[in-house]
Amino acid sequence: LTVVHLLFTTGHTAPAGDDLVRRDLVERSLDLARILRALLPADADVAGLLALILLTDARSATRVAQDGRLLLLAEQDRTQWDREAISEGVALVREALRRRPPGRFALMAAIAAVHAEAPTWQDTDWREVVSLYDLLVQIWPSPVVALNRAVAVGLADGPDAGLEALDALAAEPQLAGYGYLAAARADFLRRLGRTAEARSSYEEALLLTENTIERDFLATRLEQLGD
């Protein structure tokens with residue numbers, strides 16, 4: 001399950017190259033998850049993984065604009081999301097969450113379901129997202145999970161709170177070369193009007209990012225800060 005999830009995440013956001021998504025890897029991971037589901041129909045972790053892939057990939061058509069720009073969740077046209085995949089994913093999440101305690105894939109899928117079911121960005125229940133991350137970080141204490149939780153805290157409680165949560169991870173060795181930490185710091189600093197610090201963090205994120213579409217997004221944000 002971990003390997004299939006890694007295959008999906010590598011395809012969902014390619015670490016390098018000119019394309020944001022590698023559809024070959026996404027489709028292969030979905031096929032493998034469906035095969036596992038057919039072989040192990042009562043396994044809650046399998047249900048959770050399949051749900052996670054379906055709910056996350058349901059947004060794929062709206063992640064890049066016509067002109068090739070990266071579109072964040074707040075900018076995406078949710079009417080274009082794959083509602084059939086979302087319905088299937090939500091049903092699988094409910095099934096996976098029946099196991100006590102729920103597994104990490106079920107919790108990750110539940111977070112994806114919160115996003116998938118919110119009619120608009122403004123309607124996202126960020127406190128529910130934080131609560132789910134609180135559970136996830138207990139059963140799977142990954143630095144990346146802690147980073148995602150910190151971002152959710154900032155969106156629930158404001159950029160100061162988010163920045164404080166991110167800065168608590170600064171000494172985490174596994175995040176030392178992780179561009180998303182610098183990018184998240186840059187965004188909260190930008191929101192707080194701390195332009196010089198935001199510029200420095202965007203520059204750091206650019207150094208650590210190899211995907212062309214993500215690099216273009218960061219460069220645009222950096223340019224928008226002005227001199």
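Reply: The crossing of α10 and α11 is left-handed. Keep in mind as you look around that this is a predicted model. To find the pair, go to residues 195-207 for helix α10 and residues 212-224 for helix α11. Their axes come within 10 Å and cross at roughly 160°. Angles over 145 degrees count as roughly antiparallel, so α10 and α11 are roughly antiparallel to each other.

Why give both an angle and a distance? Because two packed helices are described by the angle between their axes and the distance between the axes.

Helix α3 covers residues 44-57, and it packs with α2 at an angle of about 150°, the axes being 9 Å apart. That makes α2 and α3 roughly antiparallel to each other, too. As for handedness, α2 passes α3 in a left-handed crossing.

While you're at α2, which spans residues 23-39, look for I35, which sits in that helix. I35 is partly exposed, at a relative accessible area of 47%. Together with L32, L39 and L40, I35 makes a nonpolar surface patch of about 360 Å².

T62 is eleven residues away from L73 along the chain, and their C-alpha atoms are separated by 8.8 Å.

Terms used: Residues are numbered from 1 along each chain as its sequence is written. This is a predicted model: local features need pLDDT of at least 70, side-chain atom pairs count only at pLDDT 80 or more; totals for chains, interfaces and linings use all residues. Side-chain values use heavy atoms; hydrogens and water are left out. Patches are made of residues with over 30% relative accessible area and no salt bridge: like charges are joined within 9 Å, nonpolar side chains (Val, Leu, Ile, Met, Phe, Trp, Tyr) within 5 Å. Accessible areas come from the Shrake-Rupley method with a 1.4 Å probe; for residues, only the protein chains shown count as cover. A salt bridge is a side-chain nitrogen of Lys or Arg within 4 Å of a carboxyl oxygen of Asp or Glu. Helices (H or I, at least four residues) and strands (E, at least two) are DSSP runs, numbered from the N terminus. Buried means under 20% relative accessible area, exposed over 50%, partly exposed in between (1.4 Å probe, protein chains only). Axes are lines fitted to C-alpha atoms, for helices over the stretch in contact, and angles run from 0 to 180 degrees between N-to-C directions. Angles under 35 degrees count as roughly parallel, over 145 as roughly antiparallel, 65 to 115 as roughly perpendicular and the rest as oblique. A crossing is left-handed if the near helix is turned anticlockwise from the far one by less than a right angle, and right-handed if clockwise.
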